[in-house]
Amino acid sequence: MKKSNISMKVIAYSFLIIMAIIFVMPMLFTIISSLKTKLDIFSDPFALPKNPQWSNYVIAWKDANMSAYFINSVIQSGSTVILTSLISSMAAYALARFDFKLNKVLVLVFMLGMMVPMHTILVPVSYIIGLFNLKNNIFALVLVYVAFNLPFSIMVMITFMKGVNRSLEEAAIIDGANYFQIYSKIMIPLTLPAISTISIFNFMGAWNNILFPLLFINDKRLRPISLGLLNFNGERGSEYGLMMAGIVITVAVPLAIYLLFQEKVESGLAAGAVKE
C-alpha cells in the first residue's frame, strides 16, 4: 500500500509539474520577447536578450498611449466590481434570508443566466446599445459587464449567506435593528470572503474582456488596455517587441491581484460550500 501511494504521488506531482511548465512557458516567452527588438525575436525567438530593450516598456507606456488605456481599464473594471458586489449582495440577501412566492423562481432565473453563452446574445445587446445611442459610453459598457457577472455573483453570495447563523439576525431584530441595518452591519461583514472572491473574478473578467469594447467602443480615447494592444499593428507591420511589452503591462495587474488575494478566493469558495 505504501509503495502504491508513493507511486501515485510521484505520478500526480509529475503531472502537475508538466502542466505548470506548459502554462508558464508562454508567459516566460512573452517577458523575454518584450526585452528584444523585432529582429532579435525573429532571428532567435527562444534566446535570452543580449541587450535588454527596457525602452520597450517606456515606449509602450507613453508613445503607444497605454497609460490612458490603463486608466480606462481601471475605471471600467473598478466600477464593474463595485456595482456587481453591491447589487449581488443585496439580491442574495433577499433570496437567501426571506421566504416569498417567487423566491425559487428567481433563483432558477439566475441559475439559467449562468448557462447562457455570451456570444448567443451579442446581437440583441448590440441592438439595444445602438437603439439607445450608448456606443462610446463607458457607463453602458460597465452595465453590460454587470449584467453578465450578476448570475455567478448572486449564486456565490446566496450559497454563502445561507450558511450565516439566523440567531444573529434574530438578536439584531430584538435589539431594534431594521433589515437594512442587518444587511449592512451583520451580513456584509460576515460575507466579506465571498465578496472578495466575486470581486476578484469580476475584476479580471472586465479587465481582460476584449469582445464588448471592440463592439461598443469606437473612440480610441475610451479604449481599455486590452484594445490598446491593437496600436502596435500598423501599416508597416507589427512591432512585436513593443506588443510583448504591452501584453506584460496588461497581464501584470490581474496577475498581481490574483496572487495577492489567492487565499481569499480559495477560502471564500470553500466557506461558501459549507452549510450549517
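Predicted model: local features only at pLDDT ≥ 70, side-chain atom pairs only at ≥ 80, totals over all residues.
1. Secondary structure and overall form. The protein contains 14 helices and 2 strands. Its radius of gyration is 23 Å, whereas the globule rule gives 19 Å for 276 residues; the value is well over the rule, so the protein is more spread out than a compact globule. The C-alpha trace spans about 75 × 70 × 35 Å along the principal axes.

2. Among contacts with a separation of 6 or more, 75% are between residues 24 or more positions apart. Buried residues make up 36% of the 276 in the protein.

3. Surface and charge. The side chains include 20 positive and 13 negative ones. The centres of these two sets are 5 Å apart.

4. Aromatic pairs, with Phe42 and Tyr240 as one case. Searching the whole structure gives 13 aromatic pairs. In one of them, the ring centres of Phe42 and Tyr240 are 5.5 Å apart and the planes meet at 75°; since an angle over 60 degrees counts as edge-to-face, the pair is placed in that class. Phe42 belongs to helix α2 (residues 38–43) and Tyr240 to helix α13 (residues 240–260), so that the pair links distant parts of the chain, 198 residues apart. As for cover, Phe42 has 57% relative accessibility and counts as exposed, while Tyr240, at 30%, counts as partly exposed.

5. Tyr93 and Tyr183. Here the ring centres lie 5.7 Å apart with the planes at 45°, and the pair is therefore tilted. Tyr93 sits in helix α4 (residues 66–97) and Tyr183 in helix α9 (residues 179–190), so the pair ties together parts 90 residues apart in sequence. Tyr93 has a relative accessibility of 6% and counts as buried. Tyr183 also counts as buried, at 8%; the cut-off for burial is under 20%.

6. Asn133 is not a glycine, yet has a positive phi of about 55°. Its place is the loop between α6 (122–131) and α7 (138–161). Asn136 is found in the loop between α6 and α7 as well, and has a positive phi of about 60°, again without being a glycine. Are these two residues buried or exposed? Asn133 is exposed, with a relative accessible area of 65%, and Asn136 counts as partly exposed at 32% relative accessibility.

7. Lys9 and Pro254. Lys9 is part of helix α1 (residues 2–33). With a relative accessibility of 55%, Lys9 counts as exposed. In sequence, Lys9 and Pro254 are 245 residues apart. Their C-alpha atoms are 32 Å apart in space.

Key. Residues numbered from 1 in each chain as written. Heavy atoms only, no water. Helix = DSSP H or I, 4+ residues; strand = E, 2+ residues; numbered from the N terminus. Rg over C-alpha atoms; globule rule 2.2 N^0.38 Å. Buried < 20%, exposed > 50% of the residue type's maximum accessible area, 1.4 Å probe, protein only. Contact = heavy atoms within 4.5 Å. Lys, Arg positive; Asp, Glu negative; His and termini not counted. Charge placed at Lys NZ, Arg CZ, Asp CG, Glu CD. Phe/Tyr/Trp six-rings, centres within 6.5 Å; stacked < 30°, edge-to-face > 60°.
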